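Have the viewer open as you read.

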Amino acid sequence: MFSHVGVSCALDWYSVEGAMPRPLVLSLDGREFGVRIVKVDREKLYGKVEIEAFDERGNPAELMVLAADGKTLIDKGGTALTTIDEQGDSVSRADLIAVDEEGEKIETVPSSFNQINVLKRTTVEGYLSQLVKSVYLLEAEDSADQRYLQDHVSTGMIYNFEFSYRGGLEYDNAFVLGNKTDAFMVVGKPADLEFVKLNQAVELDTTEEEEISAEEISFESLT
């Protein structure tokens, strides 16, 4: 018999805990300044609920994996993923090279923390056509720089730049926007959207109906 205990943990999402130790350097109108990014997620906004399971003796239950033989239990940390080559030998991920459809090597992009990121004006349409991956609170290292950034985004201006957290095969889109009190960075990818108008007329394709009419239907093949 298991009993479940819900534990609510409220967190302050303005906390800088988990922020990058090195700043992200932004350039706005030729002025360069560093900002710390603090990830904003549901846990920091609303808190979280943890469920703990206990047996009839009050001992905590642990999640384990049942092996393919149907009888062996594998504890946490007892499984792992590996990459193998065509001969079945294990290959280090550091030795892997990304290639395109033609087999040509794909050049990787650097981390945005290793370069100066120039903010460019963009439109609200460009921002709204993104699939959002992450949202970060921006905190400038200097109060004057924070006010400078705040003065721009509080008027409704939106900026963007190419962003990569650790470096990789391609950049994401990063949008900088905010209000009178806070500035945010929204990271995402372009979405493939198709818009239709309200009460838009639709033409019915009757090709199939013309090819198969009631007179052409025969039930002789069913007998």
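## Salt bridges

Lys48 is partly exposed at 29% relative accessible area (that label covers the range between buried, under 20%, and exposed, over 50%, with a 1.4 Å probe and protein chains only). Its salt-bridge partner is Glu50, with the closest N and O atoms 3.1 Å apart; Glu50 is partly exposed too, at 35%. A salt bridge here puts a side-chain nitrogen of Lys or Arg within 4 Å of a carboxyl oxygen of Asp or Glu, and the whole structure has seven.

Lys133 pairs with Asp172 at 2.9 Å between the closest N and O atoms. That joins strand β11 to strand β13, 39 residues apart (strands are DSSP E runs of at least two residues, helices H or I runs of at least four, numbered from the N terminus). Asp172 counts as buried because its relative accessible area is 12%. Lys133 and Asp172 also belong to a salt-bridge network with Glu170 and Lys189.

## Nonpolar core

The largest nonpolar core has 22 residues, and Leu24, Leu138, Phe161 and Met185 touch the most other members. Such a core is a set of buried Ala, Val, Leu, Ile, Met, Phe, Trp, Tyr and Cys residues joined through side-chain atoms within 4.5 Å. Elements giving two or more residues include β2 (24–28), α3 (143–153) and β14 (183–190).

## Model notes

The model is predicted: local features need pLDDT of at least 70, side-chain atom pairs 80 or more, while totals for chains, interfaces and linings use all residues. Numbering runs from 1 along each chain as its sequence is written, and side-chain values use heavy atoms, leaving out hydrogens and water.
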